[in-house]
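Biologist: I am new to this model. Please take me through it, and tell me what each term rests on.

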Amino acid sequence: MANKRSKRNQSAKFYCPYCGDRLWRLGTGKHHLYFQGISEIQQQFNLTRKKASLLAGQNPVQTDRATWLEEFMCRSDGKFWLYLSKQKDGSFVTKIADDSHWKRSSKTIDPNHPNPSVSEFTYRMSRKSTRI
């Protein structure tokens, strides 16, 4: 009965949508998604219109702690970002993150579109490999 109370085996494991191999977290943290406006809050949280308007009145921007973006790595397919959503029964729904998810995430820069404040030259030079 060793490690009877260990939570290590209970942690969620994610698998590559392309090859089915196990994915590894890269330590980027969870970037939660936010929703604003009565209709978006109502649709995302499955609330009545009255409850959604009450929430929107308290705070116009609501963060969903059950959905987030996170970066993973697959040994054969490389790095990519996943949209994760935790269901009420404890299971997870995973998808490849698309543009609509990036627009709703907090404190992130879309990896498909580089930082606009960095010049094109600097961006190209940072991507070159150094040879010794």
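Biologist: What makes you say that the charged end of Arg22 sits over a ring, and which ring is it?

Modeller: The ring belongs to Trp24, and the charged end of Arg22 is 4.2 Å from its centre. A charge sits over a ring if NZ of Lys or CZ of Arg is within 6 Å of the ring centre and within 35 degrees of the ring normal. Lys30 does likewise over the ring of Trp68, 4.2 Å from its centre.

Biologist: What do such values rest on?

Modeller: This is a predicted model, where local features need pLDDT of at least 70, side-chain atom pairs count only at pLDDT 80 or more, and totals for chains, interfaces and linings use all residues. Residues are numbered from 1 along each chain as its sequence is written, and side-chain values use heavy atoms, with hydrogens and water left out.

Biologist: How many aromatic pairs are there?

Modeller: The whole structure holds six aromatic pairs. Rings of Phe, Tyr and Trp (its six-membered ring) pair if their centres lie within 6.5 Å; planes under 30 degrees apart count as stacked, over 60 as edge-to-face and the rest as tilted.

Biologist: Why is the pair of Phe14 and Phe72 called edge-to-face?

Modeller: The centres are 5.3 Å apart and the planes stand at 65°, so the Phe14 and Phe72 pair is edge-to-face. The two are 58 residues apart: Phe14 is in the segment before strand S1 (24-25), and Phe72 is in strand S3 (residues 61-74). Helices (H or I, at least four residues) and strands (E, at least two) are DSSP runs, numbered from the N terminus.

Biologist: Are Phe14 and Phe72 buried or exposed?

Modeller: Phe14 has a relative accessible area of 5%, so Phe14 is buried. Phe72, at 1%, is buried too. Buried means under 20% relative accessible area, exposed over 50%, partly exposed in between (1.4 Å probe, protein chains only). Ring pairs also link Phe14, Trp68, Phe72 and Phe92 into a cluster.

Biologist: What makes Phe35 and Phe45 an edge-to-face pair?

Modeller: Their ring centres are 6.2 Å apart and the planes are at 85°, so this pair is edge-to-face. Phe35 lies in strand S2 (residues 31-36) and Phe45 in helix H1 (residues 38-45), so the pair ties together parts ten residues apart in sequence. Phe35 counts as buried at 7% relative accessibility, whereas Phe45 counts as partly exposed at 25%.

Biologist: Which helices and strands does the protein have in total, and in what pattern?

Modeller: There are four helices and five strands. Along the sequence the pattern is β-β-α-α-β-β-β-α-α. Of the 132 residues, 23% count as buried.

Biologist: How much space lies in the largest pocket, and what lines it?

Modeller: About 340 Å³ of space lies there. Of the 13 lining residues, the closest to the centre are Gln44, Asn46, Ser85, Lys86 and Gln87. On a 1 Å grid over the protein atoms alone, a pocket is an open set of points where a 1.4 Å probe fits, with protein on both sides within 12 Å along at least five of seven lines; lining residues have an atom within 4 Å of a point. Grid points are joined across faces, edges and corners, and a volume is the space filled by probe spheres set on the points.

Biologist: Why is Asn46 called exposed?

Modeller: Asn46 has a relative accessible area of 70%, so Asn46 is exposed. Asn46 is in the loop between H1 and H2. Asn46 has a positive phi of about 55°, although it is not a glycine.
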